[in-house]
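Thanks for coming, everyone. Please look at the model as I talk.

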Amino acid sequence: MYWRNSANTYYLYNQPPYLHNQPSYCNNYPFYETMKYSIIVPVFNRPDEVDELLESLCAQRMKDFEVLVVEDGSSQDCKSVVEKYADRLDAKYFWKENSGPGQSRNYGAERAQGDWLIVLDSDVVLPEGYLKAVDDELGQESADAFGGPDAAHDSFTDVQKAISYSMTSFFTTGGIRGGKAKLDKFYPRSFNMGIRRDLYLKLGGFSKMRFGEDIDFSYRIVEAGYKTRLFPEAWVWHKRRTDFRKFFRQVYNSGIARINLTKRHPGTLKLVHLLPAVFTLGVIVLVLVSAVGRALMHYDDVHRWYWLCAAPWLPILLYSLIIFIDSSMKNKSLKVGLLSVPAAFVQLMGYGFGFLEAWWKRCIRGQDEFQAFEKTFYQ
């Protein structure tokens with residue numbers, strides 16, 4: 001059942017309104033007595049993904065939570081999907097004008113009841129023990145904010161598994177996303193992130209960055225002196241992108257965001273963040289050298305210049321072989337291993353190209369964040 005306020009926000013409850021506590025009102029929206037967890041899911045044209053996520057939430061062993069689905073100006077809304085779970089979940093549906101995922105999370109946080117806010121991407125699916133793992137970790141050691149790793153589900157397509165491998169593998173620098181304990185500070189990512197609600201509101205939530213806003217928020221949490229932790233057992237299945245074109249755009253934006261984050265948070269740029277750009281330049285140089293060798297073979301003695309044409313491809317082929325073997329073993333699939341080779345190159349070079357473009361525009365030409373990438377992020 002829905003009711004609606006003057007801001008065109010729809011509220012969905014798993015019981016008729018008269019069975020709930022009578023609401024008080026603040027800034028035109030209601031609030032009730034608190035519960036432990038509020039799960040916030042921003043969504044943009046992804047009704048099928050929301051359906052799978054809500055289904056997995058129904059299977060959670062812990063039940064002390066609410067779900068806030070925030071529709072970010074979608075043309076394909078998921079209101080009917082949320083309604084389908086009305087008798088199984090304490091779910092609330094909100095619709096707002098498009099402003100990006102960060103602002104949509106803030107919209108949900110302002111309306112949440114839980115002591116803890118858990119932010120999830122719409123393309124994740126939770127194992128049944130996810131919330132129990134979060135609860136156990138919080139009971140064992142204190143934290144102000146936390147995050148968990150991600151994995152590929154057996155039902156994912158081979159391309160999705162290959163992309164998941166490239167985003168989590170040591171050989172692609174994907175391991176920096178989080179999955180194992182680190183020696184330095186842990187920075188939660190918004191696909192699987194939790195934070196105390198009072199701290200979220202105190203820090204003002206996510207900024208208006210169109211991409212990289214989750215890392216920016218994590219930096220601000222740590223810089224303010226609060227404690228972040230990795231919860232290794234609170235993992236999710238993460239679908240990511242479904243094809244290499246969309247994946248390239250995602251990692252390209254990540255490369256741009258890294259420079260923007262460095263400008264906002266000086267000193268946060270690490271060596272590992274430079275590696276994709278170095279890899280990208282290295283591949284370009286090797287291909288150009290090979291092309292020169294090929295041209296010399298055509299106009300001069302073939303045997304004299306054959307080595308210059310062939311040798312540059314050896315490190316590229318060696319790297320591809322490492323990716324193929326490692327992914328094939330981890331995924332137990334030669335096909336996924338083969339697809340992981342282009343996925344790795346897309347991940348590293350997409351990020352590298354975005355990083356280099358942002359470095360040129362912001363560090364060399366001196367453009368500001370909005371001026372340099374208005375068409376890319378701020379539309």
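Start with helix H1, residues 47–58. This is a predicted model, so keep that in mind throughout. H1 has twelve residues. From its first C-alpha to its last, H1 reaches 17 Å, close to the 16 Å expected at 1.5 Å a residue.

Which residues of H1 are buried? They are Pro-47, Glu-49, Val-50, Leu-53, Leu-54, Ser-56, Leu-57 and Cys-58. Here is a general point about spacing. An α-helix has 3.6 residues a turn, so residues three or four places apart point the same way.

What do the buried residues of H1 pack against? Four strands are on the list: E5 (37–43), E6 (65–72), E8 (116–120) and E9 (124–125). Helix H2 (79–84) is there too.

Now step back to the whole protein. The secondary structure comes to 14 helices and 14 strands. The protein has 379 residues, and buried residues make up 52% of them. Next, contacts along the sequence. Take those between residues at least 6 apart: 76% of them join residues at least 24 apart.

On to a helix pair. Two packed helices are described by the angle between their axes and the distance between the axes. Our pair is H8, residues 244–264, and H12, residues 334–364. Their axes come within 7 Å and cross at roughly 35 degrees. The crossing of H8 past H12 is right-handed. What residues form this contact of H8 with H12? They divide into 17 nonpolar, six polar and four charged.

Two serines to finish. The first stop is Ser-218, in helix H7, residues 213–223. Is Ser-218 buried or exposed? Ser-218 counts as buried because its relative accessible area is 0%, and the cut-off for buried is under 20%. Leaving out residues up to four places away in sequence, Ser-218 touches Tyr-187, Pro-188 and Met-193. Look at Pro-188 in particular. Its backbone oxygen lies 2.6 Å from a polar atom of the Ser-218 side chain. Now find Phe-186. Phe-186 and Ser-218 are 32 residues apart in sequence. In space they are 8.5 Å apart, C-alpha to C-alpha.

The other serine is Ser-290, in helix H9, residues 271–299. Ser-290 has a relative accessible area of 5%, so it is buried as well. What does Ser-290 touch, not counting residues up to four places away in sequence? Leu-308, Cys-309, Pro-312 and Trp-313.

That's my tour. Over to you.

Key. Residues numbered from 1 in each chain as written. Predicted model: local features only at pLDDT ≥ 70, side-chain atom pairs only at ≥ 80, totals over all residues. Heavy atoms only, no water. Expected span 1.5 Å × (residues − 1). Buried < 20%, exposed > 50% of the residue type's maximum accessible area, 1.4 Å probe, protein only. Contact = heavy atoms within 4.5 Å. Polar contact = N/O pair within 3.5 Å; in protein donor to acceptor, adjacent residues only side chain to side chain. Axes fitted to C-alpha atoms, helices over the stretch in contact; angles between N-to-C directions. Left-handed = near helix turned anticlockwise from the far one by under 90°. Nonpolar A, V, L, I, M, F, W, Y, C, P; charged D, E, K, R; others polar.
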